[in-house]
Amino acid sequence: MDIFEYSEVNYPSRTVQQDEEEAAVSTAPANLDLPVTLWNAQLRAKLFPDGIVVGAVVVATTRASCALLNHAFPGKQVLGSLVLPEVPMRGLTLPHSLRNRTCTIYVVPGPSPALLVACQYDVAAERAHAVCTALLGEVCPEQVVVVGSLRAEAYRGAGDASQEALVFRLATAQQPSSSQPAGPHPVPTLPTGNVVGGLPAAILSYCQVRGMSGQLVVDVEMVPSLCAESVAPLASATAAVLSRAAATHPQPGGAHPAHAGCAAACSAVAAALTAPETLAAARRDVEAVTAAQTGALGAVYA
């Protein structure tokens, strides 16, 4: 091998695309295609005749947080669903299961409406922007809270996820101001050096760019056998973030009259997430799914 062949192998020119780059170019535009959002037209026209303006939107992207939203507010209604064309629908079950690969949009009706989004898809990083745009593009919220996760091996900071539940938060620069002293936040900020990606990061970036008040609750993933143990700490942290948003939100609310109910919506969702019946039902769901996956994995290696 002469010096020119050696240079071509070890220092490839960036003016020539590699094989994997050529394959990526043909599929890249599809990542920007918006998913299909199916709305309950009759319910939407009844509750939001002038557009979907709500006090709060809570988006769950982890197993434990989806279980919490699925069981919170027994009186909630399904406002819509987001469908990823690339994800097959076979295997979906009725009634709704935590194992289903779906994204359900619930509405909590009342004077202070709120949206609860249980995204049970494993959204790829390259599809996160499109999914985020489809979820929030038609919604005008005063407060957005998204619950995401961070792999234990990628976590940099104090604590051990195999021994205790670790929950942190991030927030956009645009946060409501209040004349009341806030004091230290009950949920610690994510330590420097940690990187959150995927749909949670896309939603927080969406809020930051548009000057919206957005907060991210980050759960450091525990080992599968302890996944159910994260339900209660995650519910408490999310409720604390919502309660702080309700306490510091100026009264009345934003420019739209419906925004005046932001504090009430945040408080109602916080109370529902920490209700004993919600925690018990969510824990059972997470334990059932974890047991089924553990059993299937054991059968493979048996």
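I started with the pocket: α9 gives the most to the lining of the largest pocket, with 4 residues. Helices (H or I, at least four residues) and strands (E, at least two) are DSSP runs numbered from the N terminus.

I noted that this is a predicted model, where local features need pLDDT of at least 70, side-chain atom pairs count only at pLDDT 80 or more, and totals for chains, interfaces and linings use all residues. Numbering runs from 1 along each chain as its sequence is written, and side-chain values use heavy atoms, with hydrogens and water left out.

**Pocket**

I looked up the lining of the largest pocket and found 33 residues, with T61, T62, R63, D122 and E221 nearest its centre. Two or more lining residues come from each of α4 (63–71), β6, α6 and α9 (276–301). A pocket here is an open set of points on a 1 Å grid over the protein atoms alone, where a 1.4 Å probe fits, with protein on both sides within 12 Å along at least five of seven lines; lining residues have an atom within 4 Å of a point. By class, I get 14 nonpolar, 11 polar and 8 charged lining residues. Nonpolar covers Ala, Val, Leu, Ile, Met, Phe, Trp, Tyr, Cys and Pro, charged covers Asp, Glu, Lys and Arg, and the others, Gly among them, are polar.

**Cores**

Next I checked the largest nonpolar core, which has 45 residues; V57, L115, Y121, L135 and I203 have the most contacts inside it. The elements that each supply at least two of its residues are β2 (52–60), β3 (77–83), β4 (103–108), β5 (114–119), α5 (128–136), β6 (139–150), α6 (198–209) and β8 (213–220). Such a core is a set of buried Ala, Val, Leu, Ile, Met, Phe, Trp, Tyr and Cys residues joined through side-chain atoms within 4.5 Å. Apart from this core lies another, of 44 residues, including V108, A114, C262 and C266.

I then followed L115: beyond four places in sequence, its contacts (heavy atoms within 4.5 Å) include I52, V57, L79, I105 and V139.

**F73**

Where is F73 placed? I find F73 in the loop between α4 and β3. F73 is buried, at a relative accessible area of 18%, since buried means under 20% with a 1.4 Å probe, protein chains only. Leaving aside neighbours within four places, F73 is in contact with V108, L116, A268, V269 and A272. The C-alpha atoms of F73 and A271 are separated by 9.7 Å, although the two are 198 residues apart along the chain.

**Whole chain**

Last, I logged 9 helices and 8 strands, and buried residues at 44% of the 302 in the protein chain.

How values were computed
Buried means under 20% relative accessible area, exposed over 50%, partly exposed in between (1.4 Å probe, protein chains only).
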